[in-house]
Amino acid sequence: MDDDEYAKLIRRMNPPRVVIDNNASQDATVIQVDSVNKHGTLLEVVQVLTDMNLVIKKAYISSDGGWFMDVFKVIDQDGNKITDTQVLDYIQRRIESNAGWFIPPLSSSVGVMLSEEYTTIELAGTDRPGLLSEVSAVLTGLHCNVVSAEIWTHNTRAAAVIHVTDNSTNSAITDPIRLSTIKELLCNVVRTNGGSRAAKTVFSCSDTHRERRLHQIMFDDRDYDYEGVKRARTSASRPTVTLTNIEKDYTVVTMRSKDRPKLVFDVVCTLTDMQYVVFHGMVSTEPPEAYQEFYIRHVDGLPINSEAEQERVIQCLEAAIERRASEGLELELSAEDRVGLLSDITRTFRENSLTIVRAEISTRDGKARDTFYVTDVTGNAVESKIVESIRQQIGVSKLKVKNSEECSVLGTSRRSSRASQETTVGYLLNNFFKAN
């Protein structure tokens, strides 16, 4: 305890320092963070950048000797530098703030609300077509309004974090009898006789970042450990993860995968929650591929020694990368919010034989802004005539198709390859600020 209190004192005496430079790179904003290191520091910084929808093009990480130094090259979603001074000031304040540094933020990637205003429901179970539609119908029937939610599916498993309010009060549901009824009925929906793993429905008081919580739920549900599904997927559709030990000092984790938003967060989140510390590392994205390399040890100070542990880390990192992979057709809904809207939309998808593989649900200022990633029931690309039929039913102006040219058959997405290159931290540091 004394050591813990002393460490806290040192961190308070040496708060994080952030330097933001728009001149060091021609094509990105450079953010440098220096701080006393603690387990989870890297994740907290990456989470701030991710929550602001910034794209990490490159990163250099070093945290030996108890001091953390990280350099990020970031751009906005349009591929531009960050020039808005208010945004830059907010990034600096958010990272440097002691309150934000020691207490996990309550914000999520979908919507931001005070936790007292809604009831949080966590679900885990076997995925199947129409699952979200059935969950939405149950909540609507129980007079619950979904104000925000995020749903992931991977390796036949499904996880969701849902924020609901009472229809009549627009506030959190607190009646224990009613909560018990909601839990029982949702358990009946997500329960299945097709597998040995039980369904879970939990009312959560956790203030953990929502996307981090989804990773934790799926990890606890062992979505990474499903060999039947993994063998069915083609090798071209999966990331490449390799582990190498450098004598007795570090385990080097190398990952190559298709680049996508929030990829760095997903990997760092998984390593952190598996109790591994990143001492050195680099990230480089050259679309369509991303390359990540981390020098890690377990929190006990040891590298990964056993083959079983190596295999488990590889499986978990592959799963972390795959969970958010945007397979399927992306549909964006923008409409006036109302009770039962989500139930109606998802029922329309189900009636047209579409399966939701991932979804982000949010409401703000009376508007519903939802994103769905869908395939047909066999996991294949959706036919354009079905999409147009659904848009006619829901409203052409309300439901838009995004990135339709990228929609491909599930499990057959292609990943470009490039020649293998042995990379060292020294090489990366010397070349970090060179133009791409």
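This is a predicted model: local features need pLDDT of at least 70, side-chain atom pairs count only at pLDDT 80 or more; totals for chains, interfaces and linings use all residues.

**Entry 1: strands side by side.** I began with Ser-284, and found that Ser-284 stands opposite Tyr-291 in β12. Residues are numbered from 1 along each chain as its sequence is written, and side-chain values use heavy atoms, with hydrogens and water left out.

How many bridges join β11 to β12? I found ten, and the two strands run antiparallel. For my own use I noted that two strands pair if DSSP finds at least two bridges between them. Helices (H or I, at least four residues) and strands (E, at least two) are DSSP runs, numbered from the N terminus. β11 and β12 form a hairpin, with two residues between them.

Strand β10, residues 250–258, also pairs with β12, in the antiparallel sense and over eight bridges. Here I saw Lys-258 standing opposite Glu-289 in β12.

Is β12 enclosed or open? Nine of its ten residues are buried, so β12 is largely enclosed by the rest of the structure. Buried means under 20% relative accessible area, exposed over 50%, and partly exposed in between (1.4 Å probe, protein chains only).

**Entry 2: the turn of the hairpin.** I looked at Pro-288, which is found in the loop between β11 (276–286) and β12 (289–298). A cis peptide bond joins Pro-287 and Pro-288, with omega at about 15°.

**Entry 3: positive phi values.** Thr-156 has a positive phi of about 70° although it is not a glycine. I located Thr-156 in the loop between β6 (144–154) and β7 (157–166). Its relative accessibility is 32%, so Thr-156 counts as partly exposed.

Gln-275, also not a glycine, has a positive phi near 70°. Gln-275 has its place in the loop between α9 (263–273) and β11. I wrote down a relative accessible area of 35% for Gln-275, which means partly exposed.

I then checked α11 itself, residues 341–351, and found buried residues including Leu-341, Ile-345 and Phe-349. An α-helix has 3.6 residues a turn, so residues three or four places apart point the same way.

**Entry 4: rings.** How many aromatic pairs does the structure hold? I noted four. Rings of Phe, Tyr and Trp (its six-membered ring) pair if their centres lie within 6.5 Å; planes under 30 degrees apart count as stacked, over 60 as edge-to-face and the rest as tilted. The rings of Tyr-250 and Phe-279 have centres 5.7 Å apart and planes at 55°, so I logged this pair as tilted. Tyr-250 lies in strand β10 and Phe-279 in strand β11, so the pair ties together parts that are 29 residues apart in sequence.

Tyr-250 is buried at 12% relative accessible area, and Phe-279 is buried at 14%. Together with Tyr-295, Tyr-250 and Phe-279 form one aromatic cluster.

**Entry 5: charges over rings.** A charge sits over a ring if NZ of Lys or CZ of Arg is within 6 Å of the ring centre and within 35 degrees of the ring normal. I found Arg-297 over the face of Phe-279, at 4.6 Å from the ring centre. Arg-358 lies over the face of Tyr-373, at 4.1 Å from the ring centre.
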